[in-house]
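Trainee: I have a new model open and would like to go through it with you. Please take my questions one at a time.

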Amino acid sequence: MFKRKITNICEISGSVLAMVYAILIASNTGNEILGFSLLLISAILFAIWGYIDKRWTFLALQFFYASSALIGLIRWA
């Protein structure tokens with residue numbers, strides 16, 4: 001029951017943050033640092049979800065997204 005609650009929190013908050021990230025980057029309003037920070041947090045939340053649910057390929061994908069976020073943060077900082 002506790003695992004399910006944690007995965008729901010990670011799934012919902014990770015999805016919302018990823019949507020906000022996409023809007024911030026696409027809007028080209030100078031909010032790139034915030035956007036890539038949200039992407040990094042989203043990837044971490046999704047990685048937690050993937051680890052708890054033993055979704056190894058999904059967890060591996062989050063390393064790609066986290067790497068993209070870090071590159072974006074370095075690029076725009």
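Trainee: Leaving aside its neighbours within four places in sequence, which residues is Trp 76 in contact with?
Mentor: Here, contact means heavy atoms within 4.5 Å. Setting aside neighbours up to four places away in sequence, the contacts of Trp 76 are Glu 32, Ile 33 and Phe 36.

Trainee: Before we go on, what kind of model is this?
Mentor: Residues are numbered from 1 along each chain as its sequence is written, and side-chain values use heavy atoms, with hydrogens and water left out. Local features need pLDDT of at least 70, side-chain atom pairs count only at pLDDT 80 or more, and totals for chains, interfaces and linings use all residues, since what we have is a predicted model.

Trainee: Thanks! What pattern does the chain follow along the sequence?
Mentor: The elements are DSSP runs numbered from the N terminus, with H or I over at least four residues for helices and E over at least two for strands. The chain has 3 helices and 0 strands. Reading along the sequence therefore gives the pattern α-α-α.

Trainee: Back to Trp 76: is this residue buried, partly exposed or exposed?
Mentor: Trp 76 belongs to helix 3. With a 1.4 Å probe and protein chains only, buried means under 20% relative accessible area, exposed means over 50%, and partly exposed lies in between. The relative accessible area of Trp 76 is 44%, so this residue is partly exposed.

Trainee: Which residue lies over the face of Trp 76?
Mentor: A charge counts as over a ring if NZ of Lys or CZ of Arg is within 6 Å of the ring centre and within 35 degrees of the ring normal. At 5.1 Å from the ring centre of Trp 76, the residue over its face is Arg 75.

Trainee: How far apart in space are Trp 76 and Gly 30, C-alpha to C-alpha?
Mentor: In sequence, 46 residues separate Trp 76 from Gly 30. In space, their C-alpha to C-alpha distance is 9.5 Å.

Trainee: Now Ala 66, please: which residues does it touch, not counting those up to four places away in sequence?
Mentor: Ala 66 also sits in helix 3. This alanine counts as buried because its relative accessibility is 16%. Beyond four places in sequence, Ala 66 touches Leu 40 and Ala 43.

Trainee: And for the chain as a whole, what share of the contacts between residues at least 6 apart joins residues at least 24 apart?
Mentor: The chain has 77 residues, and 30% of them count as buried. Among contacts between residues at least 6 apart in sequence, the share joining residues at least 24 apart is 61%.

Trainee: Moving to the aromatic rings, why is the pair of Tyr 51 and Trp 56 classed as it is?
Mentor: Rings of Phe, Tyr and Trp (its six-membered ring) pair if their centres lie within 6.5 Å, with planes under 30 degrees apart counted as stacked, over 60 as edge-to-face and the rest as tilted. The structure holds 6 aromatic pairs. In the pair of Tyr 51 and Trp 56 the centres are 6.0 Å apart and the planes are at 70°, so the class is edge-to-face.

Trainee: Which residues form an aromatic cluster?
Mentor: A pair of aromatic rings is described by the distance of the centres and the angle of the planes. The one cluster to look at here is made of Phe 46, Trp 49 and Phe 58.

Trainee: What is the N to O distance in the salt bridge of Arg 55 and Asp 53?
Mentor: A salt bridge needs a side-chain nitrogen of Lys or Arg within 4 Å of a carboxyl oxygen of Asp or Glu, and the structure holds 1. Arg 55 counts as partly exposed at 43% relative accessibility, and Asp 53 is partly exposed at 28%. Their side chains meet with an N to O distance of 3.3 Å.

Trainee: Last one: what is the phi of Lys 54?
Mentor: Most residues other than glycine have a negative phi, and most peptide bonds are trans. Lys 54 is placed in the loop between helix 2 and helix 3, and with a relative accessible area of 55% it is exposed. Although Lys 54 is not a glycine, its phi is positive, at about 55°.
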